[in-house]
Amino acid sequence: MKMKNLFLILGLFISLIASAENSMTLPEGRFRARMKPIYAFEFGSKFDETGNAVNLVKDLEVTLDIDLASKLNPQLGAAMSAFGMDSLGSFAPSLKISSLVLGTALEYGLSNRLTLGLIAPIVSANSIYELKFNKPDAVQANPLLGPVDFVKAAEDLAVEKGYQRPGNWEAFGLGDLELGLKYSFLRNDLLSLAVKSGLRLPTGRTDDPDNLTDLAFGDGQTDLGTTILADYTGLPNTLINGLLKYTVQLPDKQPLRLPSQGELFASNKENIKRNLGDVLDAAIYAQYTFLTLFNVNTSYAYSFKQKDIYQSAEGLETTRLEDISAQQRHIADIGLGFSTLPWVRQGTFSLPMELGVNLQLPVSGKNVAKATTVNLEYMVYF
């Protein structure tokens, strides 16, 4: 059993296709540089397949019954039978994750209606791992079973299965690069429409199947995405924006552990063919400008990912991977912004830039992390 599927979890923070994006394109010949640090506060929970908030590594919250004890150590299972014990206690795992994604982007106005862009996320992440075992008093008092270190026995079994010994983890590196273009095809006094298409390349580190506590910085395959952006400006000092995006995840092969029924740690590993489910994103965003230079904004975003499909060339069972691969996510966002663009247009300031800070809160979901994030954004035009 794998403790996590974190190549999907960090996708929550790496993508810079934010709900706040509007249909604006750059003037011909102008650049915009963006820097967006996104910090995920330490979290250790997720929304499970029923939408309930549970421990991120709930899969290892297992009771040490006779069957499992026999897999850890045949003599241990025999001792339980001899003493008439159905259970020796339960494992209590914990995995706490923090991440900082520095989203950097450069955009260029090829014409007044067509903008090209490159996004390069840089990721720093860590996980803190702990595994405890809760023994009932009767087991603790037993002279044969009380002294047994069940945590070490479980971790030794993981090593025997080919895993690295579980422990804290941290890494720094590049995420998945994104290349894209945005074309504005309608502009009038009330409505602006644009279409954005892009390519996400598998440049970030992928999940290590032999490491129980690592995170991936990318999902290891190429994505193709198209977004429709609509802006409505018919209200005083107010921008209403809608976003609809569809992402096709292309098939690939990745080395994965394939869990079998009743296994604590998956022993089967294969470079397996997979087709990650396509993703649909939708968001509504509202921004109100006050005192000319400042704005307050809020958004609500929904994301749905289809079920993954795996094909084993060796005939291994894949349904346990597929069953928990469909995802849903609801996120609320609130923020403040500042822009010097009105001053630049008036000729009273020479540096066109924008600043923003936003807090993103998980509302509900299925098979996704339950993490709160805060992000800062700085944009400069030249």
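This is a predicted model: local features need pLDDT of at least 70, side-chain atom pairs count only at pLDDT 80 or more; totals for chains, interfaces and linings use all residues.
Strand β2 covers residues 45–47. Its pairing with β19 is antiparallel and runs over 2 bridges.

## Strand β1 and its partners

Strand β1 spans residues 31–43 and pairs with strand β5, residues 87–109. The two are antiparallel, with 11 bridges between them. A40 has S99 in β5 as its bridge partner.

β1 also pairs with strand β20, residues 373–381. Here 7 bridges join the strands, again in the antiparallel sense. I38 stands opposite N375 in β20. As a general point, side chains in a regular strand alternate between the two faces of the sheet.

## Salt bridges across the sequence

The structure holds 16 salt bridges. One of them joins K182 to E21, with the closest N and O atoms 3.5 Å apart. K182 sits in strand β8 (residues 178–187), while E21 sits in the loop between α2 (11–14) and β1. The pair therefore ties together parts that are 161 residues apart in sequence. Both K182 and E21 are buried.

## D210 and its two partners

D210 forms a salt bridge with R257; the closest N and O atoms are 2.7 Å apart. D210 lies in the loop between β9 (191–200) and β10 (223–232), and R257 lies in strand β12 (residues 252–258). The bridge thus ties together parts 47 residues apart in sequence. D210 and R257 are both buried.

The side chain of D210 also meets that of K269 in a salt bridge, at 3.0 Å from N to O. K269 is in strand β13 (residues 268–275), 59 residues from D210, so this pair too links distant parts of the chain.

How do D210 and K269 compare in exposure, buried or partly exposed? D210 has 18% relative accessibility, so D210 counts as buried. K269 has 40%, so K269 counts as partly exposed.

Some salt bridges share partners. In this way K152, E155, D156 and R165 are joined into one network.

Note on methods
Residues are numbered from 1 along each chain as its sequence is written. Side-chain values use heavy atoms; hydrogens and water are left out. Two strands pair if DSSP finds at least two bridges between them. Helices (H or I, at least four residues) and strands (E, at least two) are DSSP runs, numbered from the N terminus. A salt bridge is a side-chain nitrogen of Lys or Arg within 4 Å of a carboxyl oxygen of Asp or Glu. Buried means under 20% relative accessible area, exposed over 50%, partly exposed in between (1.4 Å probe, protein chains only).
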